[in-house]
Amino acid sequence: MKIVDAKVIVCSPGRNFVTLKIETDEGVYGLGDATLNGRELAVATYLKEHIIPCIINRDPFDSEDIWHYLYRGVYWRRGAVNMTAIGAVDMALWDIKGKALGVPVHKLLGGKSRHRLLAYTHAQGKDMDETLQKVSDILNKGFKAIRIQSGIPGFEKVYGIAKDKGTYEPATTGGKPDEEIWNTEKYLAYIPELFQTVRKEFGKDLHLLHDSHHRLSSIEAARLGKELEPHHLFWLEDTVPAELQQNFEWIRRHTTTPLAVGEIFNTIFDCQHLITQQLIDYIRMTVAHGGGLTPMMKIAHLAELYGIRTGCHGPSDLSPINLGACLHFGTAINNFGIQEYMGYYPITMEVFDLKHKFEEGYFYPSEEPGLGVDMDFEKAGNYPYKKAFLPINRLEDGTLFHW
Ligand SMILES: [Mg+2]
């Protein structure tokens with residue numbers, strides 16, 4: 001089997017997605033998600049100009065060698081744009097292998113380690129009352145695990161909170177990024193009260209998660225973790241900017257609240273120290289931004305040695321192709337923890353078709369050959385790309401801060 005062509009499809013059914021379609025001489029094609037929120041065209045161009053010419057005539061079954069060719073072979077290693085592009089190629093190759101052999105991808109990665117996969121979704125409200133209502137609505141849909149974000153008294157916009165009644169979508173289509181205002185003290189004063197109220201209203205069986213979006217210092221994260229201990233979170237996510245990994249040593253010394261990080265990591269080297277020193281409980285890298293299934297299996301196996309479980313990033317700003325890949329990954333490995341599932345706009349699902357069944361808070365493994373995700377290429381053409389940016393964040397005195 002040979003790769004004969006590859007196309008990059010950029011579309012915007014509800015939001016921007018970049019898809020790589022690799023075609024073979026036997027008529028089988030594979031799909032990979034190459035979406036990098038707010039920087040979509042950088043990956044699309046990188047694929048078209050620098051990667052596709054190098055994979056023509058290669059055997060798609062040689063996914064390990066092709067991965068190293070694209071990673072080691074370029075000299076310029078790592079980086080979100082590079083690794084998202086490599087990830088899309090790798091995902092598409094596993095899709096081709098599954099389709100050519102007539103088996104779902106999880107069968108090629110290790111088979112079924114479980115018959116269903118726990119998923120969490122987001123409850124977000126502009127204040128305490130609206131947030132509690134959202135938790136109640138989501139519980140009625142059957143979810144067993146919920147990430148809870150809430151507007152903070154005194155702030156107009158807060159990370160994770162939708163501007164209107166719809167799904168949270170931080171990227172905006174103006175000519176420049178939106179600006180938000182932040183105050184850590186107000187946040188730290190409010191969040192423990194939020195979780196105390198949620199536990200009081202909904203009991204102890206529900207899994208509760210929370211995301212600080214990399215905005216705390218290590219000592220602030222330690223304080224928050226400690227104050228949340230009585231409410232037994234499933235995890236506290238992205239407390240500190242993860243470039244300085246020693247931060248996690250400080251946090252770990254002060255709290256037993258489980259810690260999760262990794263959605264912006266893109267290689268095993270970003271999480272090696274955190275895993276081998278057991279500074280986190282969940283590694284949140286996702287297949288698209290982590291360079292594909294090939295390196296993600298190695299990361300999962302390293303984490304397994306240290307009792308650390310996975311929790312793949314699964315926002316609606318990655319396409320259902322990435323979600324499908326994450327679900328095969330989660331089906332096959334022993335140390336799956338949980339899968340994020342924000343859901344998609346109905347028009348996104350006019351273009352993409354995900355075969356994994358979702359019911360009562362769990363995904364069920366797809367038995368379709370390959371990744372079990374397809375795309376209507378004609379309909380994709382009805383939704384042209386719209387330039388969009390993620391917001392930036394400033395402190396109240398104007399200082400640029402972490403978004
Ligand atoms: Mg996060």
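Start with two helices. This is a predicted model, so please keep that in mind. Helix 2 covers residues 63–71, and helix 3 covers residues 80–101. They pack at an angle of about 170 degrees. Their axes are 10 Å apart. What does that angle tell us about their directions? Angles over 145 degrees count as roughly antiparallel, and helix 2 and helix 3 are therefore roughly antiparallel to each other.

Which residues make the contact? From helix 2, we have S63, I66, W67, L70 and Y71. From helix 3, we have I86, V89, D90, L93 and W94. Now sort the contact residues by class. There are 8 nonpolar, 1 polar and 1 charged.

Next, the sheet. It is an open sheet of 3 strands, in the order 1-2-3. The pairing is antiparallel. Strands of a sheet pair through backbone hydrogen bonds, either parallel or antiparallel.

Which strands stand at the edges? Strand 1 and strand 3 do. Each has a single partner strand, so one side of each has no neighbour in the sheet. From one strand to the next, the twist averages 20 degrees.

And where does helix 3 come in? Helix 3 packs on this sheet, touching strand 2 and strand 3. The direction of helix 3 makes about 145 degrees with that of strand 3.

Now let's take the strand pairs one by one. Strand 1 is residues 3–11, and strand 2 is residues 17–24. They run antiparallel, joined by 8 bridges. Take two residues as examples. V8 has L20 as its bridge partner in strand 2. I9 has T19 as its partner there. Strand 1 and strand 2 form a hairpin, with 5 residues between them. Look at G14 in that turn. G14 has a positive phi of about 100 degrees.

On to the second pair. How many bridges join strand 2 to strand 3? There are 5, and these strands also run antiparallel. Strand 3 is residues 29–33. Go back to L20: its bridge partner in strand 3 is G32. Strand 2 and strand 3 form a hairpin too, with 4 residues between them. In this turn, G27 has a positive phi of about 85 degrees.

That's my part. Thanks.

Key. Residues numbered from 1 in each chain as written. Predicted model: local features only at pLDDT ≥ 70, side-chain atom pairs only at ≥ 80, totals over all residues. Pairing = 2+ DSSP bridges. Axes fitted to C-alpha atoms, helices over the stretch in contact; angles between N-to-C directions. Parallel < 35°, antiparallel > 145°, perpendicular 65-115°, else oblique. Contact = placed C-beta atoms within 7 Å. Nonpolar A, V, L, I, M, F, W, Y, C, P; charged D, E, K, R; others polar.
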